[in-house]
Amino acid sequence: MSNNPMLKFTDINLETPVKRISEGRVDDFNEIYKEYASDKAEDQASRCSQCGVPYCQSHCPLHNNIPDWLKLTTQGRLKEAYTLSQKTNSFPEICGRICPQDRLCEGNCVIEQSGHGTVTIGSIEKYITDTAWKNGWVKPITPKIERDETVAIIGAGPGGLAAAATLRKNGLKVNIYDRYDRAGGLMTYGIPSFKLEKDVVSKRVTQLNDSGVNFHLNCNVGKDISFEQIISEHHATIIATGVYKSRELDGLKIDFENIVEAIDFLTASNRKGFGDPVKDFDNGKLNSHGKKVVVIGGGDTAMDCVRTAIRQGAASVKCLYRRDRGNMPGSQREVLNAEEEGVEFVWLSAPKSFVGKKIVKSVKVSKMRLGPADSTGRQFPEEIKGSAYFEDADLVIKALGFDPEDIKSFWHNPRLEFTRWGTIKTDFRTHSTNLKNVYAIGDISRGASLVVWAIKDGQEVAENIINNLKEPVNMAAE
Amino acid sequence: MSMKYKQMFEKQKKMRRSLSKNGMYSEEDERSSCGVGLVVSIDAKPSRKVVENGIEALKAVWHRGAVDADGKTGDGAGIHLQIPVSFFYDQIRRTGHEPKMDELVAVGMIFLPRVDFGAQEACRTIIESEILKMGYSIYGWRHVPVKVSCLGEKANLTRPEIEQILISNSKGVEEETFERELYVIRRRIEKQASGMKDLYVASLSCRSIIYKGMMLAEQVSEFYPDLQDKRFQSTFAIYHQRYSTNTFPQWWLAQPFRMLAHNGEINTFKGNVNWMKSHEIRMAGAAFGNYAEDIKPIISAGSSDSAALDSVFEMMVRGGRSAPMAKTMMVPESWSKLTVEMPKKWQNMYAYCNSVMEPWDGPAALAMTDGRWVAAGLDRSGLRPMRYVVTGDGLLIAGSEAGMVPINESTVVEKGALGPGEMIAVDLERKILLHDKELKDELVDSAPFDDWASKIIDLEKVTKGKETQYYSGGELRTRQMAAGYSMEELEAILAPMAEDGKEAISSMGDDTPSAVLSKKYRPLSHYFRQNFSQVTNPPIDSLRENRVMSLKTRFGNLKNVLDQDSSQTEILVLDSPFVSNAKFSKMLGIFGDDAVTIDCTFDGDSERLALSKSLDRLKMEAEDAIRSGVGHLILSDKQQSADKIAVPMILATSAVHSWLTKRGLRTFCSLNVQSAECLDAHYFAVLIGSGATTVNAYLAQDSIADRVSRKLLSGSITENIRRYQEAIDQGLLKIMAKMGISVISSYRGGLNFEAVGLSRSMVAEYFPGMQSRISGIGITGIQKKVLEVHKEAWNEDQDILPIGGFYKSRRSGEKHAWEAQTMHLMQMACQKGSFDLWKKYSKKMQLNPPIHLRDLLDIKPLGHPVPLDKVESITSIRKRFVTPGMSLGALSPEAHKTLNIAMNRIGAKSDSGEGGEDPNHFTPEPNGDNPSAKIKQVASGRFGVTAEYLNQCEELEIKVAQGAKPGEGGQLPGIKVTDLIARLRHSTKGVTLISPPPHHDIYSIEDLAQLIYDLKQINPLCKVSVKLVAASGVGTIAAGVAKAKADIILISGHNGGTGASPATSIKYAGLPWEMGLTEAHQVLSMNNLRDRITLRTDGGLRTGRDIVIAAMMGAEEFGIGSAALIAMGCIMVRQCQSNTCPVGVCTQDEKLRDKFSGSAEKVVNLITFYAQEVQEILATIGAVSLDDIVGRVDLLHQVSRGAAHLDDLDLNPMLIMVDGAKEAKLNRLRDRTEVDDTLDFQIINDAARFFEFGEKMQLSYTVKNTDRTIGARASNHVVRKFGMNNKLQSDQLTLKLAGSTGQSLGAFLVSGIKLEVTGESNDYVGKGLSGGIITVKPDVSSSLVASENTIIGNTVLYGATNGKLFASGRAGERFAVRNSGADVVVEGCGTNGCEYMTGGTAVILGSIGANFGAGMTGGMAYIYDPYELSKAQINSETLLISDSLTDHWLEKLKVLIEEHNKETGSIIARDILDNWSTEKEYFLQICPKEMVTQIRFPIFLNETQPKVGT
């Protein structure tokens, strides 16, 4: 055992896990990164500088104890690393796969900032928990004390599941209601499996199921069960529905058959992955095979769409975004992956109109330039007059982001307060809504955001509920 | 006497009392130090000459004392003489009596209240009645004539009525009995008079008498005309000159005391006083018979350390021990590790002494007498000089300096210097002089010590065994959690100890909340701040001078200290108080029925007072156990369970220890503690400081065992525990060494801590004697906290320990001031020059929960807001900023230079730090920037401190201590010593460099005065600043420093940064600057010294608000360290120690240095923002300049008293406004305080043509020991005119000096000047020698054998970088310490020769003392060793020794010896050269291991011999 095996960034260079070369990888929907070999993981973890102020932790929504589990990994203490990692994160292997680390931990890694190349935090996080699964260290939750209180969670996405896990650890009973046939929310149907293979999510759902979480799937609140009934039957209720309403292209006529929404496109693709029949895919509407595809938007959803389209065998895939590469919201790493796979990015461009009758033939595109920065430093794009040109398109996918659905009417005017953006109004510290014992977390309270934020909210709200319930109503031995 | 003065004086007296009660000042902290010596006639004939010599000597040590602000009041001086019987017979006759010639006469020297006649009369009555009660008759009182005019105003105001009482031995008892009964009489008087303030018996004896008072040394004989009377004759004279930090005259604290005079400081004072209280109970001497109770308490309240030492010494002597034996017992030489060097018989005697009493430890030069013996002695480390001479006319003259008494050189018999622990004595009865060896050989034969010592049972041998584990798995984790362990603690603190046998190293400053302000659970140890030495006494180097230290732990049942028999040695000993599980169970087995275990837990669900009640129970159980005859108590928290909560063991231990002490039972038992919480060295230290005999950290041990079983540690559990013990032992030694304590028995129970945030009433009850100035958490608060952590651990399912975050920031852990977001904001602000961003940063900082004491304060307005443009300008405010000392070596050259340039651009100051500075910086950059630091630091390593360096600055800073690790030295590992660093530090690339803990020329306050004097000579323009670390007593030290003529005092907070330091040092030593600064400001103001000094502070000043608060607390200037680094790109990675700073700030790695992104602009922006924010605050509170608010603590008020569970957190002691403080005229820009001129003033006049035109000149002077620092001012002229590296001939200016030169001869002497001394010299010869040549040889008339006699003093060539020294005679202790380039030949040296040497050549043509070459990493030494005595004396840890030199080196050696002979006419050199072919075989060559690969010529013969046939 060496004395101080860390701080090796001066000797060991950054090495990400092997990425499958783009040629073969676009032919299937499997993940593109291979797992680290154990010595490689140890080596890469040892590059950590064990900072006095861990910027990685500061910039991790979950405040994961990253330097510590990196050190444990270096020393081969993976079980402890897993326990520690699991302590702050209900689903580390998911975050390790889909967090935009380049904007969070890794992007702020001190070693990265000072020009040595980041510590590959996400890959190691994934390695740790995958190893834990392999070795059977991940067990169903068995609380020390079973309590009688019940908590309802509406929505089985990352936030809801994280809340469920934390609540079960403390012995509370949990009912989860979700309108889909599978739990996982966007992790199941939104995110393509080349980023997050579906069994990763389903293993977690199974674990929670085995831990005593009651899943009520295919259950549409407002239809199959009323919101009022849920809150009346539980000591606390967590709303974690996410946001599913696609944003529109303002002022454009979009009433064309072959203009589709990203969520529909991605869900269809994921369902096909499960082997489900999907009418609109099978009839070709949501299948991009052999088509010229134009995706509009520059966020992570857009990235998912373009890369899915490539894998479906599109003739060409172009991505229109009104700002430039440096100012896009999506992960730079994803852009790189997409480019490798053959996607063409058309920076500083915005659709002016769609050409065609019922079916779009081409998109009229205006070139943009970035105007002066506002007080936050963000530059607003302006159109360059006379720059318009036409881009051929067989399929146009709108990936402009998501807004909250109209819960108010879905749930028949609950007494909930909403913000002017349609999200549920909550106290940002406690996540409580205006209704007693009703909480809202994740995208439905904060607007479209990352999985990791939903997990954070879920864990946090569970802790709050436990604190608020104070003494257990009735304690029963296991 | 002016009435105004008197009023002021009375006011001051009141203020002192009130400040002591309400403020930050404590009278206990007063320190003193001095010059001391004796003259004794070996033939025991009284003579006038002895008295005159004594008076003469007093006049020659004036510079070791200090003068008060009034310019006349000295700190005290006095002389102890035999009673001149005939003189007093005449006095008796004047009283109208006829002296009874057949009866012995005794004289009492009495200080009486002067103004209050009633009280005076009452005192006389007490004295007379006690004398009469004992059966003696009184001749009468004599009013001692005094000459008041020579006193200072203050001294005169406090002057007592001085009278003598003349007594006759009317009982006709033996002299011995008469003397002892006079002692009892005196003790009785003192007891009776304890309520009366001004009665003091200076002496009461039939043998001797003491004349002393608050005057300068030279005034003693003037003030007391008696001393000039021809009839006043004596066999001996013991004299003393005091230098006190105190400016409040106390006549009685002047020395000598009844039996001894002491120069130095007793570091173990607190422990000694505490233990004396216990010893007293069992003390009953045959000699005192029925009077035994009369003499208690032995130590009067309010005694200084010296006075207490004297009291105990006197008691021991009166109880039947001789003065040399009493000295041996109380101030023994170090012995436990010297098995090779020391005779077995001596060791046995010391082993006996150790079992009787705890040593009184600390720098001490003692001059003492018991009537029969007159002796001089030194402490174990030899930290004070004691030079002696035996004259042709039969006198022994010993004292702090050589040459204090003019003598006839041609008849001198012997000249010497006492070594560590040594004595020299004259037995007046036998009329013989005894040297150390003769004396101790006599002592060991005086009692059957061998026999007695054989009764000591060494437990070490019988408790060895395979280590065991109590807990594992889930229960281990539960208990770890309940004890507050975190993963961090196990990984970063405990594991490294088991792995490396050393404490973990960390870096940068502590930015977490004080324990009392924390929201987290903090073990009780966190409230204890380790004490440490600065200025008034030196810390010890526990690594390199380990031989003087010992953890030897005694057990149980300590007997009557007055007895002299074997019962005292019937004790058990262990090598260390650290007891492992295996050892503990074996020990219990050995104790058997003699031990009782006390369960230190309490019920979980009980009421508010549960903890407090359980402490009562512990006390009672302990007392009962001892009263039933048990000899060993075990305090254990192992019984804890889900509903049994552990009492914090520090509290349990101290409660029991202090209770037993109070009940007089502590010496009857040992106190063995089993603690779960105890894990690091600091916790061990607190337990032992609270009174624990041994400590078993069973849970820490189990945690290690757990790691071993998981294969995270290699080796067996036993091996790992051994390494853990090694680390803890080293840590304990370091903590003791920090405050200069060598032996653990003197540390035990001493509570050498200051509590920060413990309730005052709780401390008073359970930790009596410890300071807790701001109060805080009490018993109920502790109970609440303990309960919380206990519940969490035992009631909840925990699969992993909390992550921690105390050392390194973690989100779920302790709060840190510097966080990612704040650092980022500040860096962006500095990069973009955006004050808006800075304000965001500053606001964010202020929104933090309270971290520092100041965060509980708010600022009150001075008046109505003023417009910004009316306020002192930003440009002006900026000039008050300083970037504190951060060395090049720690910092990368880029970072170091950037700071200099930035600060120079705005007229502020940067500090070079220790480590020199590139001479290229002394010329401007092409763009006009000045890259040279305005402040140059002089630290203990003296790296690169050359005459040139000292002249390239406006200010010289003496770094006495460093906030992050006060009391400790440092080390720059070889990997960081690049070409550049090696060049600047005058060392070798790749070779480790060590900075010692103390400045080896500052062991005491008068030494500091000497160094300041030296620095003001070599640079006649610069100011001198002294960097201190906040600690209780820092105010008093600051007063002493002010009197030493420093211009600026920097009070550093404990949270200052460091490039590398043990983690526990960063966390647990030193105080927040708020406490240190307010104390310094208060005490300086109280002593009217405030306006002599500019106060500066640093340590975590992060916003403009911090600056304003610091100003209000008294600071005029402000140091910005960490923030400046952060502005340059530092992101608190806290890996400075590893040379892998990813941002290139704190590394020497070229690749990483490329990443440095700092710039002068960023730093300028930073300081500007601070200033701008200060300006804004000033405007809002209605102040027009910073000067308006300096010291205005009345503008601060406490707005929060901390968390609800605290008893009271009272910052008011910090907010006391000293009367008159407002009147002090502060002026940062005033001229420096000048020091007296030296002989150089004359030299510069006489050698004008040399200084002007470089003409070769030669001048001659007669000198005495008051001619100090000769050559430094002349060197300054040479540097300015010709440069340090000039083309002058080496003897272009030759100064021939005859006599005894004062200290610091040839300090910083540069090439071109040669000093030729005929006679002798004192300490610090060739300090910082920078190219000059010094020769010292005996007077031609002297018949002494040079190599057997001491010719130069201690600490020669300290930090010398170049030049030569030839001294025909022996050198004292620490010869050539930290020499980094000078060549020197001497004819013998004392202990610790060539310590820390990094360059140059030392040739020693005589015997050497012990511990030679400790920490020597460079240079070369040769020892002439014909009797083969030297090897055993060498500390060869870093060294190689060759006894057959190769030709190359022999040639070099010979050249030096030839030069030595030529320069000094050395006889031994001539002999060696004449017989070179045989004598050369007797040389040893000493070469540092790390150097072997760096030198071109091989050291060992076999390396050179070409193999045959190749």
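At 7% relative accessibility, A:Phe256 counts as buried. That value, like the others here, comes from a predicted model.

**Where chain B meets chain A**

- The contact draws on 38 residues of chain B and 34 residues of chain A.
- Together the two sides bury about 3000 Å², with carbon and sulfur atoms giving 55% of that area.
- On the chain B side, the most area is lost by B:Ile800, B:Arg810 and B:Arg811, which together make up 19% of what that side buries.
- Polar links between the two chains come to 17 residue pairs in polar contact, counting pairs with both residues at pLDDT 80 or more.
- Four helices of chain B, namely α16 (487–500), α25 (779–795), α26 (820–832) and α38 (1150–1153), each bring at least two residues to the side that touches chain A.
- Of the elements on that side, α16(B) gives the most, with 4 residues.
- Sorted by class, the side of chain B that touches chain A holds 15 nonpolar, 7 polar and 16 charged residues.

**Salt bridges across the interface**

- Chain B and chain A share 5 salt bridges.
- One of them pairs the side chains of B:Arg810 and A:Asp68, at 2.6 Å from N to O; B:Arg810 also turns up among the three chain B residues that lose the most area to chain A.
- B:Asp799 forms a salt bridge with A:Lys87, and their closest N and O atoms are 3.5 Å apart.
- That pair crosses between chains: B:Asp799 is in the loop between α25 and α26 of chain B, and A:Lys87 is in helix α5 (residues 78–88) of chain A.
- B:Asp799 counts as partly exposed at 44% relative accessibility, and A:Lys87 counts as partly exposed at 43%.

**Salt bridges within a chain**

- Over all chains, a search of the whole structure turns up 139 salt bridges.
- B:Arg1374 has a salt bridge to B:Glu545, with the closest N and O atoms 2.4 Å apart.
- This one links distant parts of chain B, 829 residues apart: B:Arg1374 is in the loop between β47 (1362–1367) and β48 (1380–1386), while B:Glu545 is in the loop between β19 (528–530) and β20 (553–555).
- Both B:Arg1374 and B:Glu545 are buried.
- B:Arg1374 also forms a salt bridge with B:Glu1395, where the closest N and O atoms are 3.4 Å apart.
- Here the partners are 21 residues apart, with B:Glu1395 in the loop between β48 and β49 (1398–1404) of chain B.
- Relative accessibility is 1% for B:Arg1374, so that residue counts as buried; B:Glu1395, at 0%, counts as buried too.
- Over in chain A, salt bridges with shared partners join A:Lys19, A:Arg25, A:Arg307, A:Arg311, A:Glu334, A:Glu340 and A:Glu341 into one network.

**Aromatic pairs**

- The whole structure has 44 aromatic pairs over all chains.
- A:Phe256 and A:Phe354 make an edge-to-face pair, because their ring centres are 6.2 Å apart and their planes are at 65 degrees.
- A:Phe256 lies in the loop between β6 (245–246) and β7 (259–261) and A:Phe354 in strand β11 (residues 349–356) of chain A, so the pair ties together parts 98 residues apart in sequence.
- A:Phe354 counts as buried, at 9% relative accessibility.
- B:Trp818 and B:Tyr841 are stacked, because their ring centres are 6.1 Å apart with planes at 15 degrees.

- A:Lys173 sits in strand β3 (residues 173–177) of chain A and is partly exposed, at 34% relative accessible area.
- Beyond its sequence neighbours within four places, A:Lys173 contacts A:Glu146, A:Arg147, A:Glu149, A:Thr150, A:Val151 and A:Arg168.
- A polar atom of the A:Lys173 side chain lies 3.3 Å from the backbone oxygen of A:Arg147.
- A:Asn337 is in helix α17 (residues 332–341) of chain A and is buried, with a relative accessible area of 0%.
- Leaving aside neighbours within four places in sequence, A:Asn337 touches A:Lys19, A:Arg25, A:Ile32, A:Tyr33 and A:Arg307; A:Lys19, A:Arg25 and A:Arg307 also belong to the chain A salt-bridge network.

Notes
Residues are numbered from 1 along each chain as its sequence is written. Chains are lettered from A and ligands numbered from 1 in the order in which they are written. This is a predicted model: local features need pLDDT of at least 70, side-chain atom pairs count only at pLDDT 80 or more; totals for chains, interfaces and linings use all residues. Side-chain values use heavy atoms; hydrogens and water are left out. Contact means heavy atoms within 4.5 Å. Buried area is the accessible area (1.4 Å probe) that two parts lose on being put together, summed over both. A salt bridge is a side-chain nitrogen of Lys or Arg within 4 Å of a carboxyl oxygen of Asp or Glu. A polar contact is a pair of N or O atoms within 3.5 Å; within protein, one must be able to donate a hydrogen and the other to accept it, and residues adjacent in sequence count only if both atoms are side-chain atoms. Ala, Val, Leu, Ile, Met, Phe, Trp, Tyr, Cys and Pro count as nonpolar, Asp, Glu, Lys and Arg as charged, and the others, Gly among them, as polar. Rings of Phe, Tyr and Trp (its six-membered ring) pair if their centres lie within 6.5 Å; planes under 30 degrees apart count as stacked, over 60 as edge-to-face and the rest as tilted. Buried means under 20% relative accessible area, exposed over 50%, partly exposed in between (1.4 Å probe, protein chains only).
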